[in-house]
Amino acid sequence: MENCIFCKIINGEIPSDKVYEDEHVYAFRDIEPQAPVHILIVPKDHVASVADISAENSHLAAKCLEAVGKIARIENLSGGYRVITNTGRDAGQTVFHLHFHLLGGAELPAMIVRGAG
């Protein structure tokens, strides 16, 4: 997607605070963190949202979820963490590139991600 901000971040066109990268996944710190640790985990291939996961691309979501534990260990989130994805405008999705919010580093309130991707 040529106008996708996350695609531009993955391609190095926009700087980010990268915390993890592998063949399928790119993870970076959210610029408006909602917790002491707030990392966005995105597939390198563009998928708009959970609604667009199919048999052909479901491995990308799986790779993102496989990265969660690795990143949580890197960030020392031994007390626990939350993983959230928003799907569609009504749910608060503002960047239409599949991504997972990894939040932790403190006790989290019941509702946390507001207007964050």
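Trainee: Let's start with Tyr-26: buried or exposed?
Mentor: Tyr-26 counts as buried, with a relative accessibility of 8%. Bear in mind that this is a predicted model.

Trainee: Okay. And how many aromatic pairs are there in the whole structure?
Mentor: The search over the whole structure turns up 2 aromatic pairs. In one of them, Phe-6 and Phe-28 sit edge-to-face, 5.5 Å centre to centre with 80° between the planes.

Trainee: Which parts of the chain does that pair link?
Mentor: Distant ones: Phe-6 belongs to helix H1 (residues 5-10) and Phe-28 to strand E2 (residues 25-29), with the two 22 residues apart.

Trainee: Is Phe-6 buried or exposed?
Mentor: Phe-6 is buried, at a relative accessible area of 6%. Phe-28 is buried too, at 4%.

Trainee: What about Tyr-26 and Phe-28, how are their rings arranged?
Mentor: Those two form a tilted pair, with 5.9 Å from centre to centre and 45° between the planes. Through such ring pairs, Phe-6, Tyr-26 and Phe-28 are linked into a cluster.

Trainee: Why do you give me two values for each pair, a distance and an angle?
Mentor: Because a pair of aromatic rings is described by how far apart the centres are and by the angle of the planes.

Trainee: Got it. Let's zoom out: how many helices and strands does the chain have?
Mentor: There are 2 helices and 5 strands. Along the sequence they come in the pattern α-β-β-β-α-β-β.

Trainee: And how compact is the chain for its length?
Mentor: Its radius of gyration is 13 Å, close to the 13 Å that the globule rule gives for 117 residues, so the chain is as compact as a globular protein of that length. Along the principal axes, the C-alpha atoms fill a box of roughly 35 × 30 × 30 Å.

Trainee: What share of the residues counts as buried?
Mentor: That would be 44% of the 117 residues.

Trainee: And the contacts, what share comes from residues 24 or more positions apart?
Mentor: Such residues make up 54% of the contacts with a separation of 6 or more.

Trainee: Last one, charges. How many positive and negative ones are there, and how far apart are their mean positions?
Mentor: The chain has 10 positive and 15 negative charges, and their mean positions lie 4 Å apart.

Notes
Residues numbered from 1 in each chain as written. Predicted model: local features only at pLDDT ≥ 70, side-chain atom pairs only at ≥ 80, totals over all residues. Heavy atoms only, no water. Helix = DSSP H or I, 4+ residues; strand = E, 2+ residues; numbered from the N terminus. Rg over C-alpha atoms; globule rule 2.2 N^0.38 Å. Buried < 20%, exposed > 50% of the residue type's maximum accessible area, 1.4 Å probe, protein only. Contact = heavy atoms within 4.5 Å. Lys, Arg positive; Asp, Glu negative; His and termini not counted. Charge placed at Lys NZ, Arg CZ, Asp CG, Glu CD. Phe/Tyr/Trp six-rings, centres within 6.5 Å; stacked < 30°, edge-to-face > 60°.
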